[in-house]
Amino acid sequence: MALNARLDHRNPLVFDTHELGRRPGALQRLNREIDAPKDLGIQGVIGVPEGAPVKLELRLESVMEGVLVTGTARARAKGECVRCLEPLEQELAADFQEMFSYPDADDRGRVKAEPADDAEDDEDMLFIEDGLFDLESVLRDAVVLALPMQPVCQDDCPGLCSECGARLADDPAHHHEAVDIRWAALQGLAGSLEDGEKDEISGAEAGVDEKQEK
């Protein structure tokens, strides 16, 4: 990706590497709690609500070509069960490791005589800009990978009744009488015949009553 421009050190997901310097082997450990940014997770499925606390445990290691960042993000994700549609919550621990490169160093960590303008080479790289790096894109990717694509409230959730939509976990004995579609037409025909016979009987009784009156 292109170089980060004018990173704001006040952004909680922007980190300063000046303390490390450019001394290979230098190490720094950081713990920081931030408010979750918007849309952190799998949109419409499950994610960390905006503003919810996210705990970051980071290890920053200086290497020849940049700073290797290893860490874990911990938070509580919310969503809904894909089977019964009930709300659910689960603890999230997302691990990640990413290299943030010095923009003026080649792949061996040597300072370039002139900065390269090859956009293709930079497309998949993350950079340190003025001693700062932005962790947001790395955090987002890690959270998405750590979350289930189809979350369930429990592994054996039976879901909803296909007939009426009732939640089956609330009533394990819930069921509907099965109707064999092969007999449905005959049952309808039988009902029509019964109605016709009743009409004939009613008509016959009416005729008898008329004769008796005469």
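Reply: What follows goes through the paired strands, then the core, the helix over it and a few single residues. Keep in mind that this is a predicted model.

Let's start with β6, residues 66-80. β6 runs antiparallel to β5, with nine bridges joining the two. The β6-β7 hairpin has six residues between its strands, and leucine 85 in the turn has a positive phi of about 65 degrees. Then there's β4, which runs antiparallel to β6 and is joined to it by two bridges. Glycine 47 has lysine 78 in β6 as its bridge partner.

Now for the cysteines. Is cysteine 81 buried or exposed? Cysteine 81 is buried, since its relative accessible area is 0%. Its closest cysteine sulfur belongs to cysteine 84 at 3.7 Å, which is too far for a bond because a disulfide needs the sulfurs within 2.5 Å. Cysteine 84 is in no disulfide either, with the sulfur of cysteine 81 as its nearest at 3.7 Å. Cysteine 84 has 4% relative accessibility, so it counts as buried too. The disulfide count comes to zero.

On to the core. The largest nonpolar core has 38 residues, and those with the most contacts inside it are Val54, Leu56, Val69 and Leu135. At least two residues of this core come from each of β3, β4, β5, β6, β7 and α2. Take valine 69 as a way in: leaving aside neighbours within four places in sequence, its contacts include Leu58 and Leu60, then Phe96 and Phe100, and also Phe133 and Leu135.

And the helix? α2 spans residues 136-146. Val138, Leu139, Ala142 and Val143 are buried in α2. They sit on the same side of α2, because they cover an arc of only 130 degrees around the axis. Asp141 and Leu145 are exposed on the face turned away from that buried side. The cover over the buried residues of α2 includes β2, β3, β5, β6, β7 and β8.

Two more residues are worth a stop. Phenylalanine 15 lies in strand β1, residues 14-16, and it counts as buried because its relative accessibility is 1%. Beyond its neighbours within four places in sequence, phenylalanine 15 is in contact with Leu30, Arg32, Leu56, Leu58, Gly131, Leu132, Phe133 and Leu135. Of these partners, Leu56 and Leu135 are also among the core residues with the most contacts. Along the chain, phenylalanine 15 and glycine 131 are 116 residues apart, yet 8.4 Å separates their C-alpha atoms.

Glutamine 28 belongs to strand β2, residues 27-35. With 12% relative accessibility it counts as buried, because the cut-off for that is under 20%. Again leaving aside neighbours within four places in sequence, glutamine 28 is in contact with Asp16, Glu19 and Leu20, as well as with Leu58, Arg59 and Leu60.

Methods. Residues numbered from 1 in each chain as written. Predicted model: local features only at pLDDT ≥ 70, side-chain atom pairs only at ≥ 80, totals over all residues. Heavy atoms only, no water. Helix = DSSP H or I, 4+ residues; strand = E, 2+ residues; numbered from the N terminus. Buried < 20%, exposed > 50% of the residue type's maximum accessible area, 1.4 Å probe, protein only. Contact = heavy atoms within 4.5 Å. Core = buried A, V, L, I, M, F, W, Y, C linked by side-chain atoms within 4.5 Å. Pairing = 2+ DSSP bridges. Arc of directions from axis to C-beta.
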